[in-house]
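The following account leads the reader through a predicted model.

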Amino acid sequence: MIYASMSEWFGRVGNFGLTLLIVTVYGLLVGALIERIIAKVQGRVGIPYSQPFINIAKTFFKRTAVSHGIMFYLGPVFRIAGGIGTLAFIPVIYGSEMFSNFSMAGDLFLVIYFMFFGQLGMALGAGESGHPYSAIGIARGLSQMTAYEVPFALAVISIVIQYDTLSITEIVAAQQGGWQNWTVITNWVATLAAMLAFLGMTGYSPFDIFLAPQEIPIGPPTEFHSAYLSFLQINRALFGATKLVLFMNLFFGGATGWVELMIKTLLIYMVAIVVGVAFPRFRVDQGIRFFFKIPTLIGIMSIVYVQMVLA
Amino acid sequence: MSKDRSSKNTMENSGLSADEQLLFCNARPEPYKPYSIKAVEDFANWARANSLWILAFGTGCCSIELRPLMTARFDISRFGIAGRPTPRQSSVFIIGGYVSVKTLKRIIRSYEQMQGPKFIIALGSCPANGGMYFDSYNTINQFDLYLPVDMYVTGCMPRPEALLAAIMELKEDIKVGNCDGANRYVENLDWYKANQKKVIKNWDMPDYNW
Ligand code: SF4
(Lines give C-alpha, C1' and ligand atoms only; values in the text may rest on other atoms or scores of the structure.)
Protein backbone atom coordinates (compact mmCIF):
# COMPACT_ATOMS: atom_id res chain seq x y z
CA MET A 1 0.00 0.00 0.00
CA ILE A 2 1.29 3.46 -0.79
CA TYR A 3 0.36 6.35 1.39
CA ALA A 4 0.22 9.88 0.11
CA SER A 5 1.81 11.32 3.21
CA MET A 6 2.99 10.64 6.71
CA SER A 7 -0.16 12.21 8.15
CA GLU A 8 -2.37 9.83 6.19
CA TRP A 9 -0.42 6.92 7.61
CA PHE A 10 -0.83 8.24 11.14
CA GLY A 11 -4.52 8.73 10.49
CA ARG A 12 -4.90 5.12 9.51
CA VAL A 13 -3.02 3.93 12.56
CA GLY A 14 -5.27 6.12 14.71
CA ASN A 15 -8.35 4.65 13.06
CA PHE A 16 -7.02 1.19 13.65
CA GLY A 17 -6.47 2.04 17.31
CA LEU A 18 -10.09 3.11 17.58
CA THR A 19 -11.25 -0.11 15.90
CA LEU A 20 -9.06 -2.10 18.26
CA LEU A 21 -10.60 -0.40 21.28
CA ILE A 22 -14.18 -0.89 20.10
CA VAL A 23 -13.63 -4.53 19.19
CA THR A 24 -11.89 -5.31 22.48
CA VAL A 25 -14.57 -3.66 24.60
CA TYR A 26 -17.23 -5.36 22.52
CA GLY A 27 -15.45 -8.71 22.99
CA LEU A 28 -15.36 -8.25 26.77
CA LEU A 29 -19.03 -7.28 26.90
CA VAL A 30 -20.04 -10.23 24.76
CA GLY A 31 -18.01 -12.48 27.05
CA ALA A 32 -19.95 -11.18 30.05
CA LEU A 33 -23.25 -11.53 28.20
CA ILE A 34 -22.48 -15.14 27.32
CA GLU A 35 -21.52 -15.88 30.93
CA ARG A 36 -24.84 -14.42 32.00
CA ILE A 37 -26.76 -16.49 29.47
CA ILE A 38 -25.03 -19.66 30.64
CA ALA A 39 -25.75 -18.65 34.24
CA LYS A 40 -29.44 -18.20 33.39
CA VAL A 41 -29.50 -21.69 31.90
CA GLN A 42 -28.18 -22.93 35.24
CA GLY A 43 -30.69 -20.87 37.22
CA ARG A 44 -28.18 -18.31 38.46
CA VAL A 45 -27.89 -14.56 38.06
CA GLY A 46 -24.38 -14.47 36.64
CA ILE A 47 -21.58 -11.93 36.67
CA PRO A 48 -22.14 -8.19 36.30
CA TYR A 49 -21.31 -6.74 32.88
CA SER A 50 -18.37 -4.89 34.39
CA GLN A 51 -16.77 -8.05 35.71
CA PRO A 52 -14.33 -8.76 32.83
CA PHE A 53 -13.01 -5.20 33.10
CA ILE A 54 -12.57 -5.45 36.87
CA ASN A 55 -10.81 -8.79 36.47
CA ILE A 56 -8.33 -7.27 34.06
CA ALA A 57 -7.68 -4.33 36.40
CA LYS A 58 -7.25 -6.73 39.30
CA THR A 59 -4.71 -8.94 37.58
CA PHE A 60 -2.91 -5.89 36.26
CA PHE A 61 -2.61 -4.39 39.75
CA LYS A 62 -1.24 -7.51 41.40
CA ARG A 63 1.78 -6.53 43.41
CA THR A 64 4.09 -9.41 42.71
CA ALA A 65 5.04 -11.43 39.68
CA VAL A 66 7.58 -14.13 39.09
CA SER A 67 9.20 -14.95 35.81
CA HIS A 68 10.26 -18.21 34.28
CA GLY A 69 12.48 -16.82 31.55
CA ILE A 70 12.39 -14.67 28.45
CA MET A 71 9.97 -16.79 26.45
CA PHE A 72 7.60 -16.63 29.42
CA TYR A 73 7.47 -12.86 29.00
CA LEU A 74 7.15 -13.14 25.25
CA GLY A 75 4.31 -15.69 25.29
CA PRO A 76 1.55 -13.20 26.19
CA VAL A 77 3.17 -10.58 23.96
CA PHE A 78 3.11 -12.92 20.97
CA ARG A 79 -0.41 -13.88 21.82
CA ILE A 80 -1.68 -10.32 21.84
CA ALA A 81 0.40 -9.52 18.76
CA GLY A 82 -1.41 -12.39 17.06
CA GLY A 83 -4.76 -10.94 18.11
CA ILE A 84 -3.93 -7.40 17.02
CA GLY A 85 -2.31 -8.64 13.80
CA THR A 86 -5.38 -10.64 12.89
CA LEU A 87 -7.66 -7.68 13.39
CA ALA A 88 -5.30 -5.32 11.57
CA PHE A 89 -5.93 -6.94 8.20
CA ILE A 90 -9.64 -7.57 8.50
CA PRO A 91 -11.98 -4.89 7.18
CA VAL A 92 -14.40 -4.49 10.08
CA ILE A 93 -17.09 -2.33 8.50
CA TYR A 94 -17.66 -2.75 4.77
CA GLY A 95 -17.62 0.46 2.78
CA SER A 96 -16.19 2.51 5.62
CA GLU A 97 -12.81 3.99 4.86
CA MET A 98 -12.27 4.55 8.55
CA PHE A 99 -12.87 0.99 9.78
CA SER A 100 -11.41 -1.02 6.94
CA ASN A 101 -8.04 -1.21 8.74
CA PHE A 102 -5.09 -2.32 6.62
CA SER A 103 -7.12 -4.58 4.38
CA MET A 104 -5.44 -5.24 1.04
CA ALA A 105 -5.13 -7.78 -1.73
CA GLY A 106 -4.22 -11.14 -0.26
CA ASP A 107 -5.06 -10.21 3.34
CA LEU A 108 -6.92 -13.49 3.81
CA PHE A 109 -3.62 -15.37 3.79
CA LEU A 110 -2.09 -12.98 6.27
CA VAL A 111 -5.05 -13.26 8.60
CA ILE A 112 -4.92 -17.05 8.64
CA TYR A 113 -1.21 -16.86 9.32
CA PHE A 114 -1.71 -14.46 12.22
CA MET A 115 -4.35 -16.71 13.72
CA PHE A 116 -1.68 -19.40 13.99
CA PHE A 117 1.00 -17.06 15.17
CA GLY A 118 -0.56 -16.18 18.50
CA GLN A 119 -1.21 -19.80 19.37
CA LEU A 120 2.35 -20.82 18.62
CA GLY A 121 3.79 -17.92 20.61
CA MET A 122 1.61 -18.87 23.52
CA ALA A 123 2.76 -22.48 23.22
CA LEU A 124 6.39 -21.40 23.50
CA GLY A 125 5.70 -19.13 26.46
CA ALA A 126 3.66 -21.69 28.35
CA GLY A 127 6.27 -24.34 27.57
CA GLU A 128 8.95 -22.25 29.26
CA SER A 129 6.88 -22.05 32.45
CA GLY A 130 7.87 -25.67 33.00
CA HIS A 131 4.53 -26.70 34.43
CA PRO A 132 3.60 -30.22 33.30
CA TYR A 133 -0.06 -29.30 32.94
CA SER A 134 0.87 -26.46 30.60
CA ALA A 135 2.71 -28.92 28.40
CA ILE A 136 -0.29 -31.26 28.38
CA GLY A 137 -2.60 -28.36 27.58
CA ILE A 138 -0.39 -27.23 24.73
CA ALA A 139 -0.13 -30.71 23.27
CA ARG A 140 -3.91 -31.01 23.35
CA GLY A 141 -4.53 -27.50 22.08
CA LEU A 142 -2.12 -27.71 19.18
CA SER A 143 -3.32 -31.13 18.07
CA GLN A 144 -6.91 -29.94 18.18
CA MET A 145 -5.91 -26.80 16.28
CA THR A 146 -4.26 -28.89 13.57
CA ALA A 147 -7.46 -30.89 13.29
CA TYR A 148 -9.93 -28.01 13.01
CA GLU A 149 -7.69 -26.04 10.68
CA VAL A 150 -8.23 -28.72 8.02
CA PRO A 151 -11.98 -28.15 7.44
CA PHE A 152 -11.48 -24.41 7.94
CA ALA A 153 -8.70 -24.24 5.35
CA LEU A 154 -10.76 -26.30 2.90
CA ALA A 155 -13.72 -23.98 3.37
CA VAL A 156 -11.53 -20.93 2.82
CA ILE A 157 -10.03 -22.47 -0.34
CA SER A 158 -13.55 -23.14 -1.53
CA ILE A 159 -14.68 -19.53 -1.16
CA VAL A 160 -11.42 -18.27 -2.61
CA ILE A 161 -12.18 -20.31 -5.74
CA GLN A 162 -15.79 -19.15 -5.67
CA TYR A 163 -15.01 -15.43 -5.54
CA ASP A 164 -11.67 -15.72 -7.32
CA THR A 165 -9.94 -13.38 -4.90
CA LEU A 166 -7.79 -13.44 -1.76
CA SER A 167 -8.98 -10.07 -0.52
CA ILE A 168 -11.50 -10.06 2.30
CA THR A 169 -12.86 -6.70 1.17
CA GLU A 170 -13.63 -8.13 -2.28
CA ILE A 171 -15.19 -11.23 -0.75
CA VAL A 172 -17.49 -8.99 1.30
CA ALA A 173 -18.18 -6.81 -1.74
CA ALA A 174 -19.27 -9.87 -3.74
CA GLN A 175 -21.86 -10.72 -1.07
CA GLN A 176 -23.59 -7.34 -1.04
CA GLY A 177 -27.12 -6.75 -2.30
CA GLY A 178 -29.25 -8.87 0.00
CA TRP A 179 -29.06 -12.04 2.00
CA GLN A 180 -29.45 -14.25 -1.03
CA ASN A 181 -25.89 -13.29 -2.01
CA TRP A 182 -24.29 -14.31 1.27
CA THR A 183 -21.85 -17.21 1.18
CA VAL A 184 -24.04 -19.09 3.61
CA ILE A 185 -26.64 -19.30 0.83
CA THR A 186 -24.46 -19.42 -2.28
CA ASN A 187 -21.91 -21.82 -0.85
CA TRP A 188 -23.59 -23.43 2.11
CA VAL A 189 -21.31 -26.46 1.99
CA ALA A 190 -18.22 -24.39 2.76
CA THR A 191 -20.10 -22.47 5.47
CA LEU A 192 -21.10 -25.71 7.12
CA ALA A 193 -17.50 -26.96 7.18
CA ALA A 194 -16.27 -23.63 8.52
CA MET A 195 -18.94 -23.45 11.22
CA LEU A 196 -17.98 -26.93 12.42
CA ALA A 197 -14.37 -25.77 12.56
CA PHE A 198 -15.59 -22.67 14.40
CA LEU A 199 -16.84 -24.87 17.25
CA GLY A 200 -13.28 -26.06 17.75
CA MET A 201 -11.86 -22.55 17.43
CA THR A 202 -13.98 -21.00 20.17
CA GLY A 203 -12.92 -23.63 22.67
CA TYR A 204 -16.33 -24.22 24.22
CA SER A 205 -17.39 -27.75 24.95
CA PRO A 206 -17.33 -30.28 23.34
CA PHE A 207 -13.90 -28.99 22.32
CA ASP A 208 -12.61 -27.47 25.55
CA ILE A 209 -10.36 -30.32 26.59
CA PHE A 210 -7.24 -28.17 26.26
CA LEU A 211 -8.46 -25.73 28.92
CA ALA A 212 -10.14 -28.30 31.21
CA PRO A 213 -10.07 -26.40 34.53
CA GLN A 214 -10.86 -29.43 36.62
CA GLU A 215 -8.27 -31.81 35.23
CA ILE A 216 -5.31 -29.85 33.95
CA PRO A 217 -5.74 -26.54 35.82
CA ILE A 218 -6.82 -24.52 32.77
CA GLY A 219 -3.99 -25.89 30.65
CA PRO A 220 -1.54 -23.58 28.87
CA PRO A 221 -2.06 -20.43 30.99
CA THR A 222 -1.68 -22.31 34.29
CA GLU A 223 1.47 -20.48 35.29
CA PHE A 224 0.54 -17.07 33.92
CA HIS A 225 -0.41 -14.55 36.56
CA SER A 226 -0.49 -10.85 37.33
CA ALA A 227 0.11 -8.59 34.34
CA TYR A 228 0.89 -11.51 32.01
CA LEU A 229 -2.57 -12.82 32.68
CA SER A 230 -4.19 -9.45 32.07
CA PHE A 231 -2.67 -9.46 28.58
CA LEU A 232 -4.08 -12.90 27.98
CA GLN A 233 -7.51 -11.81 29.22
CA ILE A 234 -7.53 -8.80 26.91
CA ASN A 235 -6.42 -10.95 24.02
CA ARG A 236 -9.06 -13.55 24.71
CA ALA A 237 -11.76 -10.93 24.20
CA LEU A 238 -10.04 -9.28 21.25
CA PHE A 239 -9.19 -12.50 19.46
CA GLY A 240 -12.62 -13.97 20.07
CA ALA A 241 -14.35 -10.91 18.63
CA THR A 242 -11.91 -10.80 15.72
CA LYS A 243 -12.67 -14.37 14.75
CA LEU A 244 -16.37 -13.54 14.80
CA VAL A 245 -15.79 -10.56 12.52
CA LEU A 246 -13.78 -12.74 10.15
CA PHE A 247 -16.52 -15.36 9.97
CA MET A 248 -19.11 -12.67 9.47
CA ASN A 249 -17.08 -11.23 6.60
CA LEU A 250 -16.40 -14.52 4.90
CA PHE A 251 -19.74 -16.24 5.24
CA PHE A 252 -22.45 -13.87 6.38
CA GLY A 253 -22.13 -10.89 4.12
CA GLY A 254 -20.06 -8.58 6.30
CA ALA A 255 -21.54 -5.54 7.99
CA THR A 256 -22.11 -1.98 6.88
CA GLY A 257 -22.51 -0.57 10.39
CA TRP A 258 -21.61 -1.35 13.97
CA VAL A 259 -25.14 -2.40 14.93
CA GLU A 260 -25.33 -4.87 12.08
CA LEU A 261 -21.90 -6.17 13.06
CA MET A 262 -22.92 -6.69 16.66
CA ILE A 263 -26.15 -8.50 15.82
CA LYS A 264 -24.50 -10.78 13.28
CA THR A 265 -21.46 -11.65 15.38
CA LEU A 266 -23.59 -12.34 18.42
CA LEU A 267 -25.76 -14.73 16.41
CA ILE A 268 -22.67 -16.49 15.05
CA TYR A 269 -21.30 -16.79 18.58
CA MET A 270 -24.59 -18.23 19.79
CA VAL A 271 -24.00 -21.27 17.56
CA ALA A 272 -20.95 -22.18 19.63
CA ILE A 273 -22.74 -21.38 22.89
CA VAL A 274 -25.82 -23.47 22.14
CA VAL A 275 -23.67 -26.41 21.13
CA GLY A 276 -21.49 -25.76 24.18
CA VAL A 277 -24.25 -25.86 26.80
CA ALA A 278 -25.90 -28.85 25.15
CA PHE A 279 -22.98 -31.23 24.66
CA PRO A 280 -20.44 -32.72 27.05
CA ARG A 281 -16.73 -32.63 26.45
CA PHE A 282 -14.88 -34.73 23.88
CA ARG A 283 -11.63 -36.41 24.76
CA VAL A 284 -8.80 -35.08 22.64
CA ASP A 285 -8.61 -38.15 20.42
CA GLN A 286 -12.37 -38.08 19.89
CA GLY A 287 -12.22 -34.39 19.01
CA ILE A 288 -9.46 -34.89 16.47
CA ARG A 289 -11.20 -37.86 14.92
CA PHE A 290 -14.38 -35.82 14.70
CA PHE A 291 -12.71 -33.05 12.69
CA PHE A 292 -10.90 -35.42 10.39
CA LYS A 293 -14.10 -37.24 9.52
CA ILE A 294 -17.28 -35.38 8.68
CA PRO A 295 -16.13 -31.74 8.71
CA THR A 296 -13.12 -32.58 6.52
CA LEU A 297 -15.36 -34.49 4.12
CA ILE A 298 -17.74 -31.55 3.98
CA GLY A 299 -14.74 -29.31 3.34
CA ILE A 300 -13.63 -31.43 0.39
CA MET A 301 -17.20 -31.53 -0.86
CA SER A 302 -17.35 -27.74 -0.73
CA ILE A 303 -14.44 -27.52 -3.15
CA VAL A 304 -16.10 -30.02 -5.46
CA TYR A 305 -19.31 -28.02 -5.07
CA VAL A 306 -17.76 -24.76 -6.23
CA GLN A 307 -16.05 -26.50 -9.13
CA MET A 308 -19.08 -28.47 -10.33
CA VAL A 309 -22.11 -26.43 -9.36
CA LEU A 310 -20.99 -22.83 -9.18
CA ALA A 311 -18.46 -22.90 -12.02
CA MET B 1 13.40 -14.87 40.14
CA SER B 2 17.13 -14.83 40.35
CA LYS B 3 19.09 -17.77 41.56
CA ASP B 4 21.75 -15.53 43.02
CA ARG B 5 23.57 -17.54 45.61
CA SER B 6 26.07 -14.93 46.70
CA SER B 7 23.74 -12.29 48.11
CA LYS B 8 22.85 -12.34 51.79
CA ASN B 9 19.17 -12.01 51.09
CA THR B 10 18.61 -15.69 50.47
CA MET B 11 16.93 -18.61 52.12
CA GLU B 12 18.99 -21.52 53.33
CA ASN B 13 17.00 -24.31 51.69
CA SER B 14 18.70 -26.76 54.02
CA GLY B 15 15.93 -29.31 53.51
CA LEU B 16 17.15 -29.94 49.99
CA SER B 17 20.15 -31.90 48.82
CA ALA B 18 23.00 -30.03 47.13
CA ASP B 19 21.79 -31.08 43.68
CA GLU B 20 18.24 -30.08 44.36
CA GLN B 21 19.29 -26.70 45.71
CA LEU B 22 20.41 -25.73 42.23
CA LEU B 23 16.93 -26.34 40.88
CA PHE B 24 15.08 -23.92 43.15
CA CYS B 25 15.14 -20.21 43.60
CA ASN B 26 16.42 -19.25 47.02
CA ALA B 27 15.60 -15.54 47.06
CA ARG B 28 13.95 -14.18 50.18
CA PRO B 29 10.58 -12.53 49.57
CA GLU B 30 10.23 -8.86 50.38
CA PRO B 31 7.25 -6.92 51.66
CA TYR B 32 5.63 -4.78 49.01
CA LYS B 33 4.65 -1.20 49.42
CA PRO B 34 1.36 0.32 48.33
CA TYR B 35 1.35 2.57 45.26
CA SER B 36 2.54 6.03 46.16
CA ILE B 37 -0.42 7.72 44.50
CA LYS B 38 -3.42 7.23 46.75
CA ALA B 39 -6.03 7.26 43.99
CA VAL B 40 -4.23 4.44 42.18
CA GLU B 41 -4.00 2.36 45.33
CA ASP B 42 -7.66 2.96 46.10
CA PHE B 43 -8.67 1.94 42.62
CA ALA B 44 -6.48 -1.16 42.81
CA ASN B 45 -8.00 -2.10 46.15
CA TRP B 46 -11.48 -1.63 44.75
CA ALA B 47 -10.64 -3.89 41.80
CA ARG B 48 -9.08 -6.50 44.11
CA ALA B 49 -12.14 -6.51 46.33
CA ASN B 50 -14.52 -6.91 43.44
CA SER B 51 -12.68 -9.71 41.74
CA LEU B 52 -11.83 -12.37 44.27
CA TRP B 53 -10.61 -15.62 42.80
CA ILE B 54 -10.76 -18.51 45.20
CA LEU B 55 -8.20 -21.26 45.01
CA ALA B 56 -10.00 -24.54 44.45
CA PHE B 57 -8.34 -26.47 47.25
CA GLY B 58 -10.51 -27.92 50.00
CA THR B 59 -8.61 -29.11 53.01
CA GLY B 60 -11.27 -30.58 55.32
CA CYS B 61 -14.98 -31.29 55.63
CA CYS B 62 -15.92 -27.58 55.85
CA SER B 63 -14.91 -27.01 52.26
CA ILE B 64 -18.09 -28.78 51.21
CA GLU B 65 -19.79 -25.50 52.17
CA LEU B 66 -18.20 -23.80 49.18
CA ARG B 67 -20.24 -25.77 46.67
CA PRO B 68 -23.66 -24.35 47.60
CA LEU B 69 -22.19 -20.89 47.14
CA MET B 70 -21.36 -21.60 43.52
CA THR B 71 -24.76 -22.96 42.58
CA ALA B 72 -28.13 -21.37 41.94
CA ARG B 73 -29.18 -20.67 45.53
CA PHE B 74 -26.37 -18.32 46.53
CA ASP B 75 -24.47 -17.80 43.25
CA ILE B 76 -21.39 -15.90 44.40
CA SER B 77 -20.38 -15.15 40.83
CA ARG B 78 -22.65 -12.11 41.00
CA PHE B 79 -20.24 -10.62 43.56
CA GLY B 80 -17.29 -11.11 41.27
CA ILE B 81 -16.10 -14.26 42.99
CA ALA B 82 -14.94 -17.21 40.96
CA GLY B 83 -13.05 -20.42 41.53
CA ARG B 84 -9.61 -20.68 40.07
CA PRO B 85 -7.80 -23.97 39.63
CA THR B 86 -4.26 -22.66 39.91
CA PRO B 87 -2.62 -20.85 42.86
CA ARG B 88 -0.79 -18.51 40.52
CA GLN B 89 -4.00 -16.78 39.54
CA SER B 90 -6.05 -16.93 42.69
CA SER B 91 -6.13 -14.40 45.46
CA VAL B 92 -8.22 -15.99 48.23
CA PHE B 93 -7.33 -19.20 50.00
CA ILE B 94 -10.22 -20.67 51.97
CA ILE B 95 -8.89 -23.10 54.54
CA GLY B 96 -11.87 -25.40 54.53
CA GLY B 97 -11.70 -27.07 57.90
CA TYR B 98 -9.18 -29.20 59.74
CA VAL B 99 -5.60 -29.09 58.58
CA SER B 100 -3.60 -32.26 58.88
CA VAL B 101 0.16 -31.91 58.98
CA LYS B 102 0.40 -33.51 55.58
CA THR B 103 -2.07 -31.01 54.13
CA LEU B 104 -0.34 -28.11 55.87
CA LYS B 105 2.73 -28.73 53.75
CA ARG B 106 0.64 -28.50 50.57
CA ILE B 107 -1.16 -25.44 51.87
CA ILE B 108 2.15 -23.67 52.47
CA ARG B 109 3.38 -24.55 49.01
CA SER B 110 0.19 -23.31 47.38
CA TYR B 111 -0.02 -20.17 49.49
CA GLU B 112 3.53 -19.15 48.68
CA GLN B 113 2.89 -19.61 44.99
CA MET B 114 -0.05 -17.24 45.07
CA GLN B 115 0.70 -13.70 43.96
CA GLY B 116 0.12 -10.87 46.38
CA PRO B 117 -2.06 -9.37 47.65
CA LYS B 118 -3.49 -12.67 48.87
CA PHE B 119 -5.99 -13.38 51.58
CA ILE B 120 -6.83 -16.33 53.80
CA ILE B 121 -10.24 -17.14 55.20
CA ALA B 122 -10.14 -19.83 57.88
CA LEU B 123 -13.43 -21.70 57.75
CA GLY B 124 -14.77 -23.69 60.68
CA SER B 125 -13.66 -24.22 64.24
CA CYS B 126 -10.85 -26.56 63.31
CA PRO B 127 -8.38 -24.01 61.93
CA ALA B 128 -9.23 -21.62 64.79
CA ASN B 129 -8.66 -23.86 67.79
CA GLY B 130 -8.58 -27.44 66.64
CA GLY B 131 -12.33 -27.95 66.86
CA MET B 132 -13.29 -31.52 67.50
CA TYR B 133 -9.87 -32.65 66.38
CA PHE B 134 -8.18 -30.70 69.18
CA ASP B 135 -6.37 -33.77 70.53
CA SER B 136 -5.68 -35.47 67.24
CA TYR B 137 -2.10 -36.59 66.68
CA ASN B 138 -1.95 -35.40 63.10
CA THR B 139 -3.86 -32.14 62.82
CA ILE B 140 -2.66 -28.73 63.85
CA ASN B 141 -4.71 -26.76 66.34
CA GLN B 142 -4.13 -23.12 65.59
CA PHE B 143 -3.75 -22.27 61.96
CA ASP B 144 -2.48 -18.72 62.30
CA LEU B 145 0.75 -19.95 63.79
CA TYR B 146 1.66 -21.17 60.34
CA LEU B 147 0.12 -18.72 57.90
CA PRO B 148 -1.49 -15.29 58.38
CA VAL B 149 -5.30 -15.41 58.52
CA ASP B 150 -7.42 -12.44 57.45
CA MET B 151 -10.86 -13.67 58.43
CA TYR B 152 -12.26 -16.41 60.65
CA VAL B 153 -15.62 -18.10 60.28
CA THR B 154 -16.46 -20.28 63.24
CA GLY B 155 -18.93 -23.10 63.50
CA CYS B 156 -18.87 -26.80 62.89
CA MET B 157 -19.65 -26.57 60.11
CA PRO B 158 -20.60 -22.96 59.36
CA ARG B 159 -23.58 -22.37 57.12
CA PRO B 160 -22.91 -21.12 53.59
CA GLU B 161 -24.47 -17.79 54.63
CA ALA B 162 -21.76 -17.39 57.25
CA LEU B 163 -19.07 -17.92 54.66
CA LEU B 164 -20.81 -15.49 52.34
CA ALA B 165 -20.92 -12.91 55.12
CA ALA B 166 -17.22 -13.44 55.77
CA ILE B 167 -16.40 -12.94 52.11
CA MET B 168 -18.45 -9.73 52.09
CA GLU B 169 -16.61 -8.46 55.13
CA LEU B 170 -13.30 -9.39 53.57
CA LYS B 171 -14.28 -7.32 50.56
CA GLU B 172 -14.93 -4.29 52.75
CA ASP B 173 -11.60 -4.79 54.48
CA ILE B 174 -9.74 -5.06 51.21
CA LYS B 175 -11.39 -1.89 49.93
CA VAL B 176 -10.03 0.16 52.81
CA GLY B 177 -6.66 -1.53 52.43
CA ASN B 178 -6.63 -3.43 55.70
CA CYS B 179 -5.80 -6.89 54.50
CA ASP B 180 -2.07 -7.19 54.49
CA GLY B 181 -1.63 -10.80 55.48
CA ALA B 182 0.89 -11.40 52.73
CA ASN B 183 3.09 -8.62 54.07
CA ARG B 184 2.75 -9.84 57.64
CA TYR B 185 3.86 -13.24 56.47
CA VAL B 186 6.93 -11.91 54.72
CA GLU B 187 7.90 -9.57 57.56
CA ASN B 188 7.71 -12.35 60.14
CA LEU B 189 8.90 -15.05 57.82
CA ASP B 190 11.45 -16.51 60.23
CA TRP B 191 8.87 -16.92 62.99
CA TYR B 192 6.37 -18.56 60.63
CA LYS B 193 9.01 -20.83 59.17
CA ALA B 194 10.20 -21.93 62.60
CA ASN B 195 6.61 -22.81 63.54
CA GLN B 196 6.05 -24.65 60.30
CA LYS B 197 9.23 -26.67 60.61
CA LYS B 198 8.34 -27.59 64.18
CA VAL B 199 5.37 -29.65 62.94
CA ILE B 200 6.46 -30.64 59.45
CA LYS B 201 9.19 -33.16 60.12
CA ASN B 202 10.04 -34.18 56.56
CA TRP B 203 10.78 -30.72 55.19
CA ASP B 204 11.97 -31.62 51.71
CA MET B 205 11.00 -28.47 49.83
CA PRO B 206 12.59 -25.06 49.42
CA ASP B 207 12.20 -22.67 52.33
CA TYR B 208 10.09 -20.38 50.21
CA ASN B 209 8.21 -21.82 47.23
CA TRP B 210 8.41 -19.14 44.58
S1 SF4 C 1 -15.07 -27.38 61.88
FE2 SF4 C 1 -16.31 -29.24 61.94
S3 SF4 C 1 -17.06 -29.45 59.84
FE4 SF4 C 1 -15.33 -28.05 59.78
S5 SF4 C 1 -13.54 -29.29 59.37
FE6 SF4 C 1 -13.71 -29.13 61.58
S7 SF4 C 1 -14.87 -30.93 62.17
FE8 SF4 C 1 -15.18 -30.68 59.97
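**A guided reading of the model**

B:Met205 is buried, with a relative accessible area of 1%. Because the limit for a buried residue is under 20% relative accessible area, B:Met205 at 1% falls in that class. The residue lies in the segment that follows helix 8 (189–199) of chain B. Leaving aside residues up to four places away in sequence, B:Met205 touches B:Leu16, B:Lys105, B:Ile108 and B:Arg109. B:Pro117, by comparison, is 88 residues from B:Met205 in sequence, and the C-alpha atoms of the two are 23 Å apart in space.

The side chains of B:Lys193 and B:Glu112 meet at 2.6 Å, N to O.

Over all chains, the count of salt bridges comes to 15.

Attention now turns to the contact between the two chains. The size of an interface is often expressed as the accessible area that is lost when the parts come together. Between chain B and chain A, the buried area is about 2,700 Å², and carbon and sulfur atoms give 57% of it. In chain B, the residues that lose the most area to chain A are B:Arg88, B:Gln89 and B:Gln115, which together account for 21% of what that side buries. The contact takes 34 residues from chain B and 32 residues from chain A.

Across this interface there are 12 residue pairs in polar contact. Helix 2 (residues 38–50) of chain B gives the most to the side of chain B that touches chain A, with 8 residues. By class, that side of chain B has 15 nonpolar, 11 polar and 8 charged residues.

How many salt bridges cross the interface of chain B and chain A? There are 4. One of the salt bridges in the model is formed by the side chains of B:Asp75 and A:Arg44, at 3.2 Å from N to O. The pair crosses between chains: B:Asp75 is in the loop between helix 3 (66–70) and strand 2 (81–84) of chain B, and A:Arg44 is in the loop between helix 1 (6–41) and helix 2 (51–60) of chain A. B:Asp75 is buried, with a relative accessible area of 1%, and A:Arg44 is also buried, with 17%.

Another salt bridge brings together the side chains of B:Glu41 and A:Arg63, at 2.8 Å from N to O. Through shared partners, salt bridges join A:Arg63, B:Glu41, B:Arg48 and B:Asp180 into one network.

The last feature is the ligand. The residues that surround the ligand include B:Cys61, B:Cys62, B:Cys126 and B:Cys156, together with B:Met132, B:Met157, B:Tyr98 and B:Tyr133. B:Gly97, B:Gly124, B:Ser125 and B:Gly155 also belong to this shell. By class, the shell has 8 nonpolar, 4 polar and no charged residues.

Key: Residues are numbered from 1 along each chain as its sequence is written. Chains are lettered from A and ligands numbered from 1 in the order in which they are written. This is a predicted model: local features need pLDDT of at least 70, side-chain atom pairs count only at pLDDT 80 or more; totals for chains, interfaces and linings use all residues. Side-chain values use heavy atoms; hydrogens and water are left out. A residue is near a molecule or strand if one of its heavy atoms lies within 4 Å of it. Ala, Val, Leu, Ile, Met, Phe, Trp, Tyr, Cys and Pro count as nonpolar, Asp, Glu, Lys and Arg as charged, and the others, Gly among them, as polar. Contact means heavy atoms within 4.5 Å. Buried area is the accessible area (1.4 Å probe) that two parts lose on being put together, summed over both. A polar contact is a pair of N or O atoms within 3.5 Å; within protein, one must be able to donate a hydrogen and the other to accept it, and residues adjacent in sequence count only if both atoms are side-chain atoms. Helices (H or I, at least four residues) and strands (E, at least two) are DSSP runs, numbered from the N terminus. Buried means under 20% relative accessible area, exposed over 50%, partly exposed in between (1.4 Å probe, protein chains only).
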